Amino acid sequence: MTIALGLSVVVLWIVAWQFWPRPFYLAAMALLRRAAGLRTQRVQVGEQEIVYLEGGTGQTLVLLHGFGADRDAWPQMVAQLKGRYRVIAPDLPGFGDSSRVPTASHTLDAQLARLADFLKILGIQKCHLAGNSMGGYLAAHYAVRHPEQIQSLSLLAPAGVASAEESELQQLLAQGDNPLLIKTLANFSRLVNLCFVKTPYTPGAIRRVLAARAIRDCDFHRQLFVDLFGSAVPLEEVVSTFHGPTLILWGDRDRLLDVSGAGILHTLMPHSQVCLMPNVGHVPMLEVPRATALAFLAFQSGV
């Protein structure tokens, strides 16, 4: 009887895992956040609610994720920082669990204004600012506009380097194919393959959860992409005015944004240093979180 009951429980768990995987995904994310000493918080910024992770003590480090990602891009890297910073990692408006307001503007100016209001509401007057991809694009522009607030800037494969060599993503965009907009599970798998050299293991059931969320947001993100990048301001036009310490970190096998952008930014930014990560793709904080954290700490030791 006991053996039969045990087998029944195992079967139920397997069935639940295959057909209702979302609770397992949420539990896994909760464990990753806890391991990094992060907890979920919420704050109202104008008409939008911003959900964010917060944890740790020390100087403030604000982390901005890329397009289609969310705050959970960071806990694996943050876990390697050993609590040296007060970390703030928001779901940028339009992503993750933050508000999606169809009538709201998501242009560069609008997103930067929301970020400024968010930091003001949290009482953050000084911070280290880091961002990946879209988040790097926003972080660079924010630092240019608010240099007095930024103790250091870290750009992880930032978008917006217009004069870089053409990437695989840009070739697809030129053909009218945007792999960042997910319509099917196959689209999601293609994007994952584009982002990584060595894709972190993700069970198929969890991948379906992530793909379903991306499919749900596809139409909203299509308009957001047009708002933000339809009239993009190249980083080459603005970054030379930022004189704070800057880390430019890039995977040397990035297929979404060509690594040649690192050298271009380094030439323009007088107080920057470059870290090229061998055999790494577009999201180093997920593909090699420990190495990314160590590179960040090495940079910070000289700030």
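Figure 1. Ser133 sits in the loop that runs between strand E5 (127–132) and helix H5 (134–145). The model shown here and in the other views is predicted. With a relative accessibility of 12%, Ser133 counts as buried, because buried means under 20% relative accessible area. Its side chain makes a polar contact of 2.8 Å with the side chain of His282. Beyond the neighbours within four places in sequence, the residues in contact with Ser133 are Gly66, Leu156, Ala157, Pro158, Ala159, Leu257 and His282.

**Figure 2. His282 and its polar partners.** His282 belongs to the loop between strand E8 (272–277) and helix H11 (284–287). His282 is buried, at 3% relative accessibility. The side chains of His282 and Asp254 are joined by a polar contact of 2.7 Å, and the side chain of Ser133 makes a polar contact of 2.8 Å with that of His282. When residues up to four places away in sequence are not counted, His282 touches Asn132, Ser133, Ala157, Cys195, Asp254, Leu256 and Leu257.

**Figure 3. Ala157, a residue with positive phi.** The loop between E6 and helix H6 (168–174) holds Ala157. Phi of Ala157 is near 50°, which is a positive value in a residue other than glycine. The relative accessible area of Ala157 is 0%, so this residue is buried. Ala157 is among the residues in contact with Ser133, and His282 also touches Ala157.

**Figure 4. Lys82, a second residue with positive phi.** Lys82 lies in the loop between H3 and E4. Its phi is near 55°, again a positive value in a residue other than glycine. Lys82 counts as exposed, with a relative accessibility of 62%, whereas Ala157 is buried at 0%.

**Figure 5. Tyr85 and its contacts.** Tyr85 is placed in the loop between helix H3 (75–78) and strand E4 (86–90). Tyr85 has a relative accessible area of 10% and is therefore buried. Tyr85 and Gln59 are 26 residues apart in sequence, but their C-alpha atoms are 5.2 Å apart in space. A polar contact of 3.5 Å links the side chain of Tyr85 to that of Gln300. Not counting residues up to four places away in sequence, Tyr85 touches Gly55, Gly56, Thr57, Gly58, Gln59, Leu61, His128, Phe296, Leu297 and Gln300.

**Figure 6. The largest nonpolar core.** This core has 89 residues, of which Leu63, Trp74, Phe118, Leu138, Leu153 and Leu265 touch the most other members. H5 gives the most to the core, with seven residues.

**Figure 7. The largest cavity.** A search of the whole structure finds one cavity of 30 Å³ or more. The largest cavity contains about 50 Å³ of space. Strand E6 (150–156), strand E7 (246–251) and helix H12 (289–300) are the elements that give two or more residues to its lining. The lining consists of Leu63, Trp74, Met77, Ala130, Ser154, Leu156, Leu247, Leu249, Thr292 and Phe296. By type, eight of these residues are nonpolar, two are polar and none is charged. Leu63 and Trp74, which line the cavity, are also among the residues that touch the most other members of the largest nonpolar core.

Figure 8. Helix H2 (22–35) and helix H8 (204–216) each supply at least two residues of the lining. H8 gives the most, with five residues. The lining divides into nine charged, five nonpolar and one polar residue, whereas the lining of the largest cavity has no charged residues.

Methods: Residues numbered from 1 in each chain as written. Predicted model: local features only at pLDDT ≥ 70, side-chain atom pairs only at ≥ 80, totals over all residues. Heavy atoms only, no water. Helix = DSSP H or I, 4+ residues; strand = E, 2+ residues; numbered from the N terminus. Buried < 20%, exposed > 50% of the residue type's maximum accessible area, 1.4 Å probe, protein only. Polar contact = N/O pair within 3.5 Å; in protein donor to acceptor, adjacent residues only side chain to side chain. Contact = heavy atoms within 4.5 Å. Core = buried A, V, L, I, M, F, W, Y, C linked by side-chain atoms within 4.5 Å. Nonpolar A, V, L, I, M, F, W, Y, C, P; charged D, E, K, R; others polar. 1 Å grid on protein atoms, 1.4 Å probe; cavity = no way out; pocket = protein on both sides within 12 Å on 5 of 7 lines; lining within 4 Å. Points joined across faces, edges and corners; volume = space filled by probe spheres on them.
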